Amino acid sequence: MKPQAPRIRMPSIAKLGDVIQIKTKIRHPMETGWRKDGEGKSVPRNRITRFVCTFQHQGQNHEVISADYDSGVSADPYLVFYSKVIGAGTYTFEWQADGGNVYSTSVPMSVAELPSS
Amino acid sequence: MKSEIHIDSLEHYKLPRRQVLALGGAAFVTMAILGLTSSRSEASPLKTKERLAQLTHDAELQKGRVAITLPALTQDGARTRLKVEVDSPMSEDDYLKALHVLAERNTVPNVATYYFSPLSGKAEITTRIRVAKSQTIIVAAEMSDGSFYLAKARCNVARGAGGCG
């Protein structure tokens, strides 16, 4: 099973100071290395060990959330979290897996104009 | 630890080198067998307690502020929905710093640690975890002022997480 393009579900536009919900999912077996296949051979360990979400705003990187994953995280890691909108910028999501594999994706965020009154 | 004892005995009794090596080898094999059997068995609540103490730097664990949403009974432990909410303003000087999730009867109790920042906006996550068998899931919340809050939730599993053991 090859990792699929990560899936992100979040608004692309928000008001300044809003707290938005971000849903992330990546296809990955999260193989613990303890399981045996049908022929009794060990299935080599293949896990995502770290997830990082950063927000790039005015040339600076801010960490929104990060996580260290151990064996107890289900296959196809799914994570819902929140972020405070501090301006327009780009959200970057990165999954670091065993064997130095890194999967990442970015989503731009724009800020809605305040109504003039 | 065992090999240290053998080094001592080497100095005191001047055992022949070959004999010392044999002793060392025997100790290694014994330790390997012990290690092998224990590594495949489930983590005990005691081990989980040790791990928790490590993660929380032996700090006092307070009650409250942490709410866990976990099914009381699940058909498939391999994908158990876990939601954790922490009562925190998530401001620049008062925010949730980290969440440590442990499953006391999984092969390895460590599930995951989540690190937050004031930019997280809301101290809440939803994810899916492996629950190998009916057990208690433990969540420790580390606040920015260094205090810890502990919450537990029971989850009964009809079918375990398979590969997770």
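Helices (H or I, at least four residues) and strands (E, at least two) are DSSP runs, numbered from the N terminus. With that in hand, let's look at Arg130(B), found in the loop between strand 7 (124-129) and strand 8 (135-143) of chain B.

This is a predicted model, so local features need pLDDT of at least 70, side-chain atom pairs count only at pLDDT 80 or more, and totals for chains, interfaces and linings use all residues. Residues are numbered from 1 along each chain as its sequence is written, and side-chain values use heavy atoms, leaving out hydrogens and water.

Some cut-offs next. Buried means under 20% relative accessible area, exposed over 50%, and partly exposed in between (1.4 Å probe, protein chains only). A salt bridge puts a side-chain nitrogen of Lys or Arg within 4 Å of a carboxyl oxygen of Asp or Glu.

Glu31(A) does have a salt bridge, with Arg35(A). Over all chains, the count is 8 salt bridges, including these:

| Salt bridge | N to O distance |
|---|---|
| Glu31(A) and Arg35(A) | 2.8 Å |
| Arg79(B) and Asp76(A) | 3.3 Å |
| Glu124(B) and Lys122(B) | 3.6 Å |

Glu31(A) is buried at 11% relative accessible area, while Arg35(A) is partly exposed at 35%.

Methods: Chains are lettered from A and ligands numbered from 1 in the order in which they are written.
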